[in-house]
Amino acid sequence: VSTLEIRNLHVSVETEEGPRQILRGVDLTVRKGETHAIMGPNGSGKSTLSYSIAGHPKYTVTEGSITLDGEDVLAMSVDARARAGIFLAMQYPVEIPGVSVSNFLRSSATAVRGEAPKLRTWVKEVKAAMAGLEMDPAFAERGVNEGFSGGEKKRHEILQMALLKPKIAVLDETDSGLDVDALRIVSAGIEAVRAQGETGILLITHYTRILRYIKPEFVHVMAGGRIVDEGGPELAAVLEDSGYDRYVKGGAAAA
Ligand code: ADP
Ligand code: MG
Ligand code: MG
């Protein structure tokens, strides 16, 4: 069983005033087929965790470990992490002007699979995945994230995930800025990948709204760079009612 294991993770970020400690000892295990939600107030370190898993150079691991099936993820380059089956849908996806969605997806798939997908089956795969996300086929010829609406950016991220079939998918606020229809479509896309049972999903979100569509087996609350509470889906319902106040005022986030 594919397993991502994060142990005692401490991460600092380079700022203009020097390094600043953001994560202060995160422990998390995500197995293939499981869906985990990481919830928490703004600034609690959720995106820092996602960048650290993907290998963003600005974030330095100062203590602790990340392994995938026992392999040291921290020793891997960003590309090697992707080839190992780690996928990150960023909170703020970047534009890649001049590169079409179609070419981008094909080169990503080639990089991750180690060989170029056969063109005929690939075209069918892309068409089917796009149809599932209610995307116009013409979208494939647009430049990656160039002039995309918020909803289009998030759908494009889910399209990538559906085609790359990662072992571990980290979805950083894939629900933010979506209207109800886009949220429903994006959620269905995530559920479709989940239903295949081959991917461990780390659903990072500030809001509880997506959890009406996707019921995670595990909910973790992050505050002040630590996981301060854990439970099942019932915890999401508690957060929907009472928000994060008790965690923030409780002192865990004050450090
Ligand atoms: P979240 O995703 O939960 O909102 P982040 O991980 O984005 O939290 O941020 C956690 C803290 O780290 C915040 O105080 C934020 O300002 C700081 N931080 C994150 N990335 C950077 C960066 N590149 N430069 C400076 N500060 C950062
Ligand atoms: Mg934030
Ligand atoms: Mg964030």
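The expected span of a helix is 1.5 Å times one less than its number of residues; helices here are DSSP runs of H or I with at least four residues, strands are runs of E with at least two, and both are numbered from the N terminus. A heads-up: this is a predicted model, where local features need pLDDT of at least 70, side-chain atom pairs count only at pLDDT 80 or more, and totals for chains, interfaces and linings use all residues. Residues are numbered from 1 along each chain as its sequence is written, while chains are lettered from A and ligands numbered from 1 in the order in which they are written.

Select 180-195 to start. Now pick out its buried residues (20 or more other C-beta atoms within 10 Å of their own, with C-beta atoms placed from the backbone): Leu-183, Ile-185 and Val-186 are among them. Just after α6, check Gly-197, which has a positive phi of about 75°.

Next, the sheet. It's open, with six strands in the order β6-β9-β10-β3-β11-β12 and mixed pairing; strands pair if DSSP finds at least two bridges between them. Color β6 (86-89) and β12 (226-231): each has a single partner strand, so one side of each lacks a neighbour in the sheet. Then zoom in on β3 (residues 35-39) and β10 (residues 200-205), a parallel pair with five bridges. Met-39 has Thr-205 as its bridge partner in β10.

Last stop: ligand 1. Which element gives the largest share of its shell? That's α1, with three residues.

Definitions and conventions:
A residue is buried if 20 or more other C-beta atoms lie within 10 Å of its own, exposed if 12 or fewer, and partly exposed in between; C-beta atoms are placed from the backbone.
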